[in-house]
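These are my notebook entries on a single model. I set down what I looked up, entry by entry.

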Amino acid sequence: MIEIEHILVLIGVVLVLFFAALLLTSKKYRSPTNNFLALAIIMLAIIILKIEGILAGSFLDEMFDFIRIEYAFGFVLYLYVMKALNAKIKRAVYVLLAAPFVLFSSFYAFALLTDKFDIEAPSMLLEQIEPIEIYLILGFNLLVIFLFTSKVQGSNSSKSFKNWIYIISIGLTVVLGTFFALEVVEFFFDRYDELYWRLGIALFFVLLTYYGVQQLQVERELTQIKKIVHNPPPVHRSKRTT
């Protein structure tokens, strides 16, 4: 059930989903690279809706109980950055970043399946893992942010693209850090101030959409300039008359 205090988050979610739809449907901006970005944005929106409990009781909530997109989000975002840089991904890095999503999703699916057959061992183990999993998710995504930010810093990509990635990385780091801080406060002081969290999420989504649209326009202009440079229009010389 949607409550009044969820409105801030929902405004932000609507904005980023609009941005994702623009990436997927616009002929001007649609590309394999932007498809990865759109997918990462959709995953992030679903994660936030899950945290807020807005999806509670829905089919999506049940489905994402075992599909651990919290790990897939960071992996897909990394793929977007590497695709944009035209950089190759080492097999070891690929396996490292994909493994958490595959392993945890498989284990959650197995636990839910065996629970229906009254096999309690996997579910009991899952109960032991769940309290610390939030810290595994935070740590994993911070690692991914560090990896792709380091790649961008050492690349010869445009200044606008670097700034765009810095906005993503700094924004995500602040969001993850705020979530961790609120978890710590709740653990030690039994308090959880959701207003700061929701304001932060809404602000991050607004900035992500605003600067994302700006980056799309810059990329389009750079693409048009490259076309002109590589395929200059023919020069017509006028004949001199004597």
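For the first entry I needed a cut-off: a polar contact is a pair of N or O atoms within 3.5 Å. I also note at the outset that the model is predicted.

**Entry 1: Ser 155**

I looked up the side chain of Ser 155 and found that it reaches the backbone oxygen of Val 152 at 2.7 Å. The side chain of Ser 155 also makes a polar contact with the side chain of Ser 157, at 2.8 Å. I placed Ser 155 in the loop between α6 (121-153) and α7 (159-189). Which residues does Ser 155 contact once neighbours within four places in sequence are left aside? I found Leu 85 and Lys 162.

**Entry 2: the chain as a whole**

I then turned to the overall make-up of the chain. The secondary structure of the protein chain comes to 8 helices and 0 strands. Along the sequence I read the pattern α-α-α-α-α-α-α-α. Of the 242 residues in the protein chain, 38% are buried. I also checked the contacts with a separation of 6 or more: residues 24 or more positions apart account for 69% of them.

**Entry 3: helix α2**

I looked up the span of α2, which covers residues 32-52. Its 21 residues should span 30 Å at 1.5 Å a residue, and the end C-alpha atoms are 31 Å apart, which agrees. I noted that α2 is mostly covered, with 15 of its 21 residues buried. Gly 53 follows α2 and has a positive phi, near 80°.

**Entry 4: helix α4**

Helix α4 (residues 69-85) has 17 residues. From its first C-alpha to its last, α4 reaches 24 Å, close to the 24 Å expected at 1.5 Å a residue. I found 15 of the 17 residues of α4 buried, so this helix is largely enclosed by the rest of the structure.

**Entry 5: α2 against α4**

How do α2 and α4 run relative to each other, roughly parallel or roughly antiparallel? I looked up the axes, which come within 8 Å and cross at roughly 155°. Angles over 145 degrees count as roughly antiparallel, and α2 and α4 are therefore roughly antiparallel to each other. I recorded the crossing of α2 and α4 as left-handed. Among the residues of α2 that make the contact are Pro 32, Thr 33, Phe 36, Ala 40, Met 43, Ile 47 and Lys 50. On the α4 side I listed residues including Ile 69, Phe 73, Val 76, Leu 77, Tyr 80, Lys 83 and Ala 84.

I examined Ala 40, which is found in helix α2. Is Ala 40 buried or exposed? Buried means under 20% relative accessible area; Ala 40 has 1% and is therefore buried. Leaving aside neighbours within four places in sequence, Ala 40 is in contact with Phe 73, Val 76 and Leu 77. I also looked up the pair Ala 40 and Phe 73: they are 33 residues apart in sequence and 5.4 Å apart in space, C-alpha to C-alpha.

I then examined Thr 33, also found in helix α2. Thr 33 has a relative accessible area of 18% and is buried. Not counting residues up to four places away in sequence, Thr 33 touches Tyr 80, Lys 83 and Ala 84.

**Entry 6: α1 against α2**

I repeated the axis check for helix α1 (residues 7-25) and α2. The two axes come within 9 Å and cross at roughly 160°. That makes α1 roughly antiparallel to α2. The crossing of α1 and α2 is left-handed. In α1 I noted contact residues including Val 9, Val 13, Val 16, Phe 19, Ala 20 and Leu 24. In α2 they meet residues including Asn 35, Ala 38, Ile 41, Ile 42, Ala 45, Ile 48 and Glu 52.

**Entry 7: Asn 86**

Asn 86 is a residue other than glycine with a positive phi. I placed Asn 86 in the loop between α4 and α5 (91-116). Exposed means over 50% relative accessible area; Asn 86 has 73% and is therefore exposed.

Definitions and conventions:
Residues numbered from 1 in each chain as written. Predicted model: local features only at pLDDT ≥ 70, side-chain atom pairs only at ≥ 80, totals over all residues. Heavy atoms only, no water. Helix = DSSP H or I, 4+ residues; strand = E, 2+ residues; numbered from the N terminus. Polar contact = N/O pair within 3.5 Å; in protein donor to acceptor, adjacent residues only side chain to side chain. Contact = heavy atoms within 4.5 Å. Buried < 20%, exposed > 50% of the residue type's maximum accessible area, 1.4 Å probe, protein only. Expected span 1.5 Å × (residues − 1). Axes fitted to C-alpha atoms, helices over the stretch in contact; angles between N-to-C directions. Parallel < 35°, antiparallel > 145°, perpendicular 65-115°, else oblique. Left-handed = near helix turned anticlockwise from the far one by under 90°.
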